[in-house]
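Here is a short report for someone meeting this structure for the first time. Please keep the sequence and the 3D view at hand while reading.

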Amino acid sequence: MESRLPLSELPRSENLVDIWTARYRSNNVIYSLSNPSTESVNPSSSVLDDIASAQGRRSTCGRFTDHLTSQFCKRAALRTKDLYTHHAAIDLMGVADLVRFASEIYPVLLNFYQTHTPIVVANQPGQQKISDPQTKVFAIPEITTLAQALDPFLLIFQSQHAIDIDWQARSFLSTQLSLSSGLFLETLSAAEKMLLAPYFYFLEEYAAIPWSRFFVAAATHDPTSPTLKVMERILPKMTEISLAVYTRWSHIFGGYYSRRGQFNNPGVRHSTLRDFSMFQVYLWLCVLQGNLDLIEQELVVLSALVYKGIGIPWEMTIKGTKLLAEEIANALDPDEQAIVVPYIDAMVRIFSLQ
């Protein structure tokens with residue numbers, strides 16, 4: 001989980017809020033927390049309208065009783081413990097705390113979904129085109145309100161755990177949320193998944209990626225600043241960049257096998273894409289702040305603890321960082337490269353020296 005600051009105000013650039021919201025559209029493939037190939041049916045607009053209605057949302061959320069939510073979180077915790085105990089002992093009391101946290105935060109997420117009508121969106125800059133015009137596309141409404149609803153739980157959990165130095169707690173939480181969300185999604189119809197999966201993915205990312213600090217830093221920039229303009233143009237490409245890096249990285253290390261499986265395992269793919277996105281947000285945060293402190297003092301330290309801790313060779317992390325640097329640089333215009341490339345080069349150098 002990332003160290004966070006409450007989102008006390010919107011960033012000055014409303015475009016960034018729109019871009020953030022667009023990341024969690026119902027038709028974005030990155031929302032699939034299971035194997036994308038299994039999702040072959042596109043529900044009709046009428047079916048989606050029924051599911052998105054107030055009654056439909058109540059029906060969807062009504063099946064997730066406190067008992068069932070607790071059972072999902074416990075099952076995810078046992079699976080997570082199994083994944084990590086091969087490399088290091090997990091403190092059982094810590095596991096219980098994390099299960100309790102997950103059991104408390106999912107009802108908040110589901111209550112928001114039930115009480116806030118999803119918004120229907122059309123194609124916007126930087127988004128995937130809607131392939132089937134008969135299928136509506138939905139987005140999370142009032143995304144900063146959702147973030148503010150989750151913040152108290154995340155802040156309390158952060159205060160109760162040495163989250164910045166305890167790689168077990170941080171790794172467990174990311175995996176716990178991913179696996180728990182997968183269990184929720186398994187009980188849903190295709191239409192319900194399209195509407196609710198973005199909320200689950202938002203929760204996972206908001207717990208792991210420094211989005212709140214990014215927006216606080218963005219708010220210190222004038223809306224016309226060249227640095228902010230770079231953010232507005234490149235952030236919609238974040239998923240595309242992560243996918244490109246993942247494809248190249250998994251090809252180079254195709255023989256790598258973790259306890260969760262090889263790179264073609266949906267869970268491995270999902271967590272790897274999330275981490276490449278996390279690296280990007282850390283980079284953009286450093287660009288906004290004008291220094292490398294968070295990469296030097298937080299990202300590289302966290303990465304060394306987590307990835308080495310679960311047995312990922314450090315050379316794989318270095319190579320992934322280099323591939324990410326190349327993809328980001330290639331996505332920038334010459335004027336943008338002058339602003340960003342010094343930070344990209346420094347990030348690669350910092351990881352190479354670890």
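How many helices and how many strands does the secondary structure of the chain come to? The count is 15 helices and two strands. The model is a predicted one.

The chain has 354 residues, and 58% of them count as buried. Take the contacts between residues at least 6 apart in sequence. Of these, 82% join residues at least 24 apart.

## Helix α11 and its partners

Helix α11 covers residues 238-252. Two of its pairings are set out here.

| Pair | Partner residues | Axes come within | Crossing angle |
|---|---|---|---|
| α11 and α14 | 314-331 | 9 Å | roughly 140 degrees |
| α11 and α12 | 266-289 | 9 Å | roughly 125 degrees |

Start with α14. Its axis crosses that of α11 at roughly 140 degrees, and the two helices are therefore oblique to each other. The crossing is right-handed. On the α11 side, the contact uses Ile241, Ala244, Val245, Arg248, Trp249 and Ile252. On the α14 side, the residues include Met316, Leu323, Leu324, Glu326, Glu327 and Ile328. Sorted by class, the residues of this contact are 10 nonpolar, one polar and four charged.

Now α12. Its axis and that of α11 cross at roughly 125 degrees. That angle makes α11 oblique to α12. The handedness of this crossing is right-handed. From α11 come Met238, Ile241, Ser242, Leu243, Val245, Tyr246 and Trp249. From α12 come Arg269, Thr272, Leu273, Phe276, Ser277, Gln280 and Val281. This contact has nine nonpolar, four polar and one charged residues.

## A charged residue inside

Next comes Glu205. This residue sits in helix α8, which spans residues 190-208. Is Glu205 buried or exposed? Glu205 has a relative accessible area of 0%, so it counts as buried.

Which residues does Glu205 touch, leaving aside its neighbours within four places in sequence? They are Arg23, Tyr24, Trp211 and Ser277. With Trp211, the link is a polar contact between the two side chains, at 3.4 Å.

Technical notes. Residues numbered from 1 in each chain as written. Predicted model: local features only at pLDDT ≥ 70, side-chain atom pairs only at ≥ 80, totals over all residues. Heavy atoms only, no water. Axes fitted to C-alpha atoms, helices over the stretch in contact; angles between N-to-C directions. Helix = DSSP H or I, 4+ residues; strand = E, 2+ residues; numbered from the N terminus. Parallel < 35°, antiparallel > 145°, perpendicular 65-115°, else oblique. Left-handed = near helix turned anticlockwise from the far one by under 90°. Contact = heavy atoms within 4.5 Å. Nonpolar A, V, L, I, M, F, W, Y, C, P; charged D, E, K, R; others polar. Buried < 20%, exposed > 50% of the residue type's maximum accessible area, 1.4 Å probe, protein only. Polar contact = N/O pair within 3.5 Å; in protein donor to acceptor, adjacent residues only side chain to side chain.
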